[in-house]
Amino acid sequence: RLCDVVEAAGVPVGLVRAEWRDAEARVSIALAKQARGQGIGVAAVSALAAKSRKELGVPVVALIKADNVRSQKMFERAGFHFIGERAEPPCYAYAYR
């Protein structure tokens with residue numbers, strides 16, 4: 001597992017992580033409301049996805065709820081693209097380019 005604290009102006013505002021599961025690294029992020037919409041999440045996810053690919057050597061994906069359009073767009077800005085739906089858990093899958 002790779003995990004980084006997300007900071008804004010030296011203050012922790014979230015956590016980004018990649019967990020190796022089913023022959024892939026699954027990236028996720030939790031970000032405080034006040035830190036959203038500023039590009040902080042995009043930068044953190046992009047950096048960890050690149051690090052995960054390099055260190056783990058496996059495909060890097062994000063599993064996002066179908067109704068979470070804001071998160072889908074954030075992952076797209078971070079270099080991910082839609083690859084399809086997954087049944088378990090029910091969500092959309094995005095892969096890092």
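1. Basis. Residues are numbered from 1 along each chain as its sequence is written, and side-chain values use heavy atoms, with hydrogens and water left out. Because the model is predicted, local features need pLDDT of at least 70 and side-chain atom pairs count only at pLDDT 80 or more, while totals for chains, interfaces and linings use all residues.

2. Secondary structure. The protein contains two helices and six strands, taken as DSSP runs numbered from the N terminus (helices: H or I, at least four residues; strands: E, at least two). In sequence order the pattern is β-β-β-α-β-α-β-β.

3. Overall dimensions. The radius of gyration, taken over C-alpha atoms, is 13 Å, which agrees with the value near 13 Å for a compact globule with 97 residues; the globule rule is 2.2 Å times the number of residues to the power 0.38. The C-alpha trace spans about 35 × 30 × 20 Å along its principal axes.

4. Of the 97 residues, 39% count as buried (under 20% relative accessible area; exposed is over 50%, partly exposed in between; 1.4 Å probe, protein chains only). Among contacts (heavy atoms within 4.5 Å) with a separation of 6 or more, 48% join residues 24 or more positions apart.

5. Largest pocket. A pocket is an open set of points on a 1 Å grid over the protein atoms alone, where a 1.4 Å probe fits, with protein on both sides within 12 Å along at least five of seven lines; lining residues have an atom within 4 Å of a point. The largest has a volume of about 470 Å³, the volume being the space filled by probe spheres set on the points. Its lining comprises 24 residues, with I29, R36, R70, S71 and M74 nearest the centre.

6. Composition of the lining. At least two lining residues come from each of β3 (24-31), α1 (40-56), β4 (60-64) and α2 (69-77); α2 gives the most, with six. The lining divides into 12 nonpolar, seven polar and five charged residues (nonpolar: Ala, Val, Leu, Ile, Met, Phe, Trp, Tyr, Cys and Pro; charged: Asp, Glu, Lys and Arg; polar: the others, Gly among them).

7. S52. This residue of helix α1 is buried, with a relative accessible area of 0%. Beyond its neighbours within four places in sequence, S52 contacts L2, A18, A25, G57 and V60.

8. A8. Located in strand β1 (residues 2-8), A8 is partly exposed at 23% relative accessibility. Apart from residues up to four places away in sequence, A8 touches V13 and I40. The C-alpha atoms of A8 and A87 are separated by 35 Å, with the two residues 79 apart along the chain.
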